[in-house]
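Please keep the sequence and the structure in view while reading.

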Amino acid sequence: MRLATLLAFLRPALPLILGLSLGCSLSLLRVSWIQSDGEDTCMDTGVNNGLFAGKMQQDSVAGGRSSQNDEDFKPRVVPYYRDPNKPYKKVLRTRYIQTELGFHERLFVAVLTSKATMNTLAVAVNKTVAHHFPHLLYFTGLRSAKVPHGMALVSHGDERPVWLMYETMRYIHQHFGGDYDWFYVMQDDTYAQAEQIKALVTHLSINQDVYLGRAEEFIGGDEQARYCHGGFGYLVSRSLLLKLHRHLDSCRNEILSVRPDEWLGRCIIDFLGISCVSQHQGQHYHSYELAKNADLEKEEGEDFQAALTVHPVSEGTLMYRLHKHFSRIQLDRAYQEIQQLQMQIRNLTSLTPAREVGLTWPIGINAPFVPKSRFEVISWDYFTEQHLFSCPDGSPKCELAGASKADVSDIIEAALQQLNSRYQPQLRFYKQQLLNGYRRFDPTRGMEYMLDLLLEAVTQKGHSHVLAKRVSLVRPLSKVEIIPMPYVTEATRVQLVLPLTVQELDFVSNFLDMFAMNTLDTHDNALLTLLFIYQPYDAQRVSQQDVFAGVKAMVGELEKRYAEVKIPWISVKTEVPSQVKLMDIVSKKHPVDTLFFLASVWTEVNMEFLNRCRMNTISNWQVFFPMHFQEFNPVLMYHGEQAASSSTDFMRDGHFDRHAFAEACFYNSDYMAARTKLAADILDRDEVLESMEVFDVFLRYSGLHLFRAVEPGLVQKYMLRSCNPRLSEELYHRCVLSNLEGLSSRSHLAMALFEQEQANST
């Protein structure tokens, strides 16, 4: 009885006891194997007679030296040692890190065209696929007198098809053989789905010899050998191209063929033993042969829908129709995939801790930004169909035009489409009027819209009713792309240009001191040119009393202190110091590759900003107009107290002056090109130049990127600038606004007014 009671009590714990016993037994058995010294008879028998003798001997030896091998896994610092007897050799680094690591670009595309089809089919290919492929080049035998815009063309000088193929393959190897992993060759009468071709090469291994396309039999040749039909395009791997280039000359002399694709296929088979295949590593190269006078609306077969390439395309309009058809197919597939993903997200949301509350709208898009304080609240911009009530120039109301008008029209049309797709066929909506419109840009998700629409709802029976409805829309941020930029370095010499007037003489000393300390003492690659602006009265008395004599003396002292430095100056007589006229004089006295930094006398030049000037200014691509940091009036800010010294407080003691365009970085060649277009436009009307700045010249008469950004490295002390009333109304207004906004912050101005009212009341 007691035994039965004991067993009943221990029965729930029996699995635990058995598990612990089994675990301890296995652990002890494993320890005995690890600590064995290799003298076990069973082990000796296995070593002498077994198949894995060598492996067991290695394991046995390794087990005996476990303590020594543990030292190999401990990190240790390897000191750098250079043999003093060997000369030091500087290591040259590559320009880009991907070159040093041996990375290659993915895909290069070659299009074979001719003089007859260059302006028709080749242009159609360029407009449909060129913006999808990263590098596309056209090859022809003879070129026409005028090459179509936006097409990179290589002419070989001979229209023979086989010769064109030979020269093309040789050119690709010489110029791009070491830069790309895959090479795609197609004709100009071929329509290719660019995105599908790019997706195909991402699934193929790059270390194999691949000749992939539509496999065709040779006429009267071996039944096993195949060549890739050139009309449907074909892929060649980099490893195959590197092996093929050694035999191209032999193929040209020994292989006779009329068709270039057959010639290339025979060359690859005879010398490399590789035949064309239509599938590789599970990836199929689908193609479709288009019948003559085919109707694309009736082409609904699976072969046509899955085709990567379509051939032959007889005219450019057919190429555009094919592109529209396949683009619609890809768009429908993308929408279906989005709906499937949204459904999966909705189903999985119930398993999350937040459940349906954590589901964002639209599904799959980031939640709206949640501000942590009132200073982070993103404001909404109000608009109607005619006007915008948040204008770039700060005015309260402006006409809705350009990209903003197109954006509003597109959003209203999208809202109507969504409403009709949701309520059809019961209701059909027609827009009467946009009552209210709001939009804001949320950096976490995109552009958000709220529309109050006055709609007319029509039923199936024809009854109509007018109602107001609010809709919300989101234009989400799309895929982020890295914009390719030309390569620049920090070794470019910067030519500073400093215009000086009589009113600015008191600040020249500080400018020269900062220039000497930050550039001359540090041996920075920067030069300085002074531009003395004389009034007509001062210019007549320059022989008796030179108003810039003190500045010239300071320049002489700098040249004595720094023997290798020369600071030239240019004297100009004018009543209205137009920035464009002054720059015309300086531009003619410097080479075209000069990098100018147009400075002001209040600018404190430093190495940090000069490097950013070099990096942000790209010849024939981009100019840089920094917004300097302007300190506030210390009298209003501190009331005679000591200024703050910390960096965070320092940034609160001023603002970035968005009304100032005096500082600029640009190349002389870019300025001369824009100035030439300006001269042809104004036709010797020099009075127009008085109303323009260098910024206006680049903005209106150049196709360059204008990079306008805040620059914390450019700091200017507070100074009430004198605004010349002879300048244009816009320039004078900018100067006045810059002075007013540079007085102090709103809180300090309010405090000053409050103290003044308190003093007046007492």
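## Basis and overall make-up

Helices (H or I, at least four residues) and strands (E, at least two) are DSSP runs, numbered from the N terminus. The model is a predicted one, in which local features need pLDDT of at least 70 and side-chain atom pairs count only at pLDDT 80 or more, while totals for chains, interfaces and linings use all residues. Residues are numbered from 1 along each chain as its sequence is written, and side-chain values use heavy atoms, with hydrogens and water left out.

The protein chain holds 26 helices and 27 strands. Of its 762 residues, 37% are buried, where buried means under 20% relative accessible area, exposed over 50%, and partly exposed in between (1.4 Å probe, protein chains only). A contact means heavy atoms within 4.5 Å; among the contacts between residues at least 6 apart in sequence, 70% join residues at least 24 apart.

## Helix 23 and its two partners

Two packed helices are described by the angle between their axes and the distance between the axes. Axes here are lines fitted to C-alpha atoms, for helices over the stretch in contact, and angles run from 0 to 180 degrees between N-to-C directions. Angles under 35 degrees count as roughly parallel, over 145 as roughly antiparallel, 65 to 115 as roughly perpendicular and the rest as oblique.

Helix 19 (residues 579–588) and helix 23 (residues 668–682) have axes that come within 11 Å and cross at roughly 125°, and the two helices are therefore oblique to each other. Their crossing is left-handed, a term used if the near helix is turned anticlockwise from the far one by less than a right angle, with right-handed used if clockwise. From helix 19, V580, M583, D584 and S587 meet N668, Y671, M672, R675 and L678 of helix 23. By class, this contact has five nonpolar, two polar and two charged residues, with Ala, Val, Leu, Ile, Met, Phe, Trp, Tyr, Cys and Pro counted as nonpolar, Asp, Glu, Lys and Arg as charged, and the others, Gly among them, as polar.

Helix 23 also packs with helix 24 (residues 694–701), at an angle of about 75° and with the axes 9 Å apart, which makes helix 23 roughly perpendicular to helix 24. On the helix 23 side the contact is made by D670, Y671, A674, R675, K677, L678 and D681, and on the helix 24 side by V694, V697, F698 and Y701. The residues of this contact divide into seven nonpolar, no polar and four charged.

## Backbone features in loops

Most residues other than glycine have a negative phi, and most peptide bonds are trans. Q281, in the loop between strand 10 (279–280) and strand 11 (283–284), has a positive phi near 55° although it is a residue other than glycine, and at 35% relative accessibility Q281 counts as partly exposed. N620, which is not a glycine either, has a positive phi of about 60°; N620 is found in the loop between helix 20 and strand 24 (622–631) and is exposed, with a relative accessible area of 61%.

A cis peptide bond joins W361 and P362, with omega about -10°, and P362 lies in the loop between helix 14 (316–349) and strand 14 (381–383). The peptide bond from Q424 to P425 is also cis, with omega near 5°, and P425 lies in the loop between helix 15 (402–423) and strand 17 (427–442).

I363 lies in the loop between helix 14 and strand 14 and is buried, at a relative accessible area of 12%. I363 and Q342 are 21 residues apart in sequence, yet their C-alpha atoms are 5.7 Å apart in space. Neighbours within four places in sequence aside, I363 is in contact with Q342, I345 and R346.

## Two buried residues with polar contacts

S600 is placed in the loop between strand 23 (595–598) and helix 20 (607–616) and is buried, with a relative accessible area of 9%. Its side chain forms polar contacts with the side chains of T603, at 2.9 Å, and E663, at 3.0 Å. A polar contact is a pair of N or O atoms within 3.5 Å; within protein, one must be able to donate a hydrogen and the other to accept it, and residues adjacent in sequence count only if both atoms are side-chain atoms. Leaving aside neighbours within four places in sequence, S600 is in contact with L498, F511, E663 and Q716.

Q622, in strand 24, counts as buried at 11% relative accessibility. The side chain of Q622 reaches the backbone oxygen of N616 at 2.6 Å. Not counting residues up to four places away in sequence, Q622 touches M485, N616, T617, L704, H705 and F707.
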